[in-house]
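This briefing is meant to be read beside the sequence and the coordinates. It takes up the sheet, the helices against it, the division of the chain, and a few single residues in turn.

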Amino acid sequence: MCVQSESNAEIRRKRRMKRKRRKKIIKILLLLFLIILAIIFGFVLFLKKGEHKPYTIGLDAGHGGEDVGAIGYIEEVELTEKTVDFLQELLEKDGRFKIVRSRKNGEDIGITKRKEILLKQKPDLILSIHGNSDPTGTARGFECYPSPPGRYNHEISYYFAVCIAESMAEVGNHLRGENGVRYAYYVTDQNGNTQKAIKEISDTMVYAQQSFGMVENLKCPSVLVEQCFVTNQQDVEQFGSETGCKLAASAYYKAICKYLGIKEISSNI
Ligand SMILES: [Zn+2]
């Protein structure tokens with residue numbers, strides 16, 4: 001009888017031990033599961049933090065095809081296409097941008113269509129590149145034109161223009177006007193001739209006259225730049241030559257990053 005009860009007690013003890021072991025294993029497994037879950041969660045958060053929808057940048061190389069733009073020491077279109085090529089290269093190297101071009105090099109597409117091509121891609125900003133001209137050959141320097149007062153996105157276009165002008169000054173370009181940022185309007189005189197009227201940035205009056213097509217009432221900030229004068233030899237050497245267009249492209253890249261509040265990644269090309 002006594003042997004029997006000892007054996008029963010032994011069996012109960014063994015069962016208790018088994019239950020304890022099972023509980024311990026379950027606890028360990030649960031702990032492991034929670035640790036794995038935390039690691040997975042942390043990893044997902046890390047990936048989410050690193051990912052960002054690419055910024056869509058609309059690039060417009062002024063003129064094109066038969067329309068070579070102003071003619072001086074170079075044709076304006078040489079400068080616009082070269083600079084857009086270099087800027088696209090820099091932005092693509094950076095990796096955070098999707099580039100939309102209003103036309104391919106050599107193509108002759110009107111301003112309305114070019115604008116349509118860019119807007120279809122819902123860009124975060126538009127940069128239209130041009131070269132200036134002056135019959136005397138003496139005028140030189142940089143100026144840019146944001147969407148003027150009274151238009152959609154005027155304020156942010158102005159901010160983008162200021163970023164560009166500052167960046168241009170840093171690479172040694174001479175800023176024209178008050179600070180390199182101006183407004184342009186097409187004005188028709190008594191004889192029916194349309195002329196470009198330039199206003200300084202301090203003139204914040206809202207004019208009914210149209211500005212450049214690329215900066216008129218867009219659903220994103222837009223700036224048209226006159227990189228340098230194709231009619232001025234010094235200007236062309238500094239900002240219209242191969243190295244000059246590269247330098248200008250690096251200044252635009254820097255300005256785009258500043259405007260978007262992000263750090264530059266790409267080094268110079
Ligand atoms: Zn032009």
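How many bridges join strand β3 to strand β7, and in which direction do the two strands run relative to each other? In this predicted model, β3 (residues 125-132) and β7 (residues 222-229) are joined by 6 bridges and run parallel.

- The strands β3 and β7 belong to an open sheet of 5 strands, whose order is β2-β1-β3-β7-β4 and whose pairing is mixed.
- At the edges of this sheet are β2 (97-101) and β4, each of which pairs on one side only.
- On average, and with direction ignored, neighbouring strands of the sheet are turned by 20° against each other.

**Helices against the sheet**

- Helix α2 lies across β1, β2, β3 and β7, and its direction runs at about 145° to β3.
- Helix α4 also packs on the sheet, where it touches β3, β4 and β7, and its direction makes about 165° with that of β4.

**Division of the chain**

- The chain is divided into domain 1, which covers 1-51, and domain 2, which covers 55-260.
- Between the C-alpha centres of domain 1 and domain 2 there is a separation of 68 Å.

**Loop residues with positive phi**

- H63, which is placed in the loop between β1 (55-61) and α2 (76-94), has a positive phi of about 65° although it is not a glycine.

**A residue in helix α4**

- E166 lies in helix α4, which spans residues 154-170, and this is the helix that touches β3, β4 and β7.
- Is E166 buried or exposed, or in between? With 17 other C-beta atoms within 10 Å, E166 is partly exposed, because that class falls between the limits of 12 or fewer for exposed and 20 or more for buried.
- E166 and A251 are 85 residues apart along the chain, while their C-alpha atoms are separated by 8.8 Å.

Notes. Residues are numbered from 1 along each chain as its sequence is written. This is a predicted model: local features need pLDDT of at least 70, side-chain atom pairs count only at pLDDT 80 or more; totals for chains, interfaces and linings use all residues. Helices (H or I, at least four residues) and strands (E, at least two) are DSSP runs, numbered from the N terminus. Domain bounds come from an automatic or database domain assignment. Two strands pair if DSSP finds at least two bridges between them. Axes are lines fitted to C-alpha atoms, for helices over the stretch in contact, and angles run from 0 to 180 degrees between N-to-C directions. Two residues are in contact if their C-beta atoms, placed from the backbone, lie within 7 Å.
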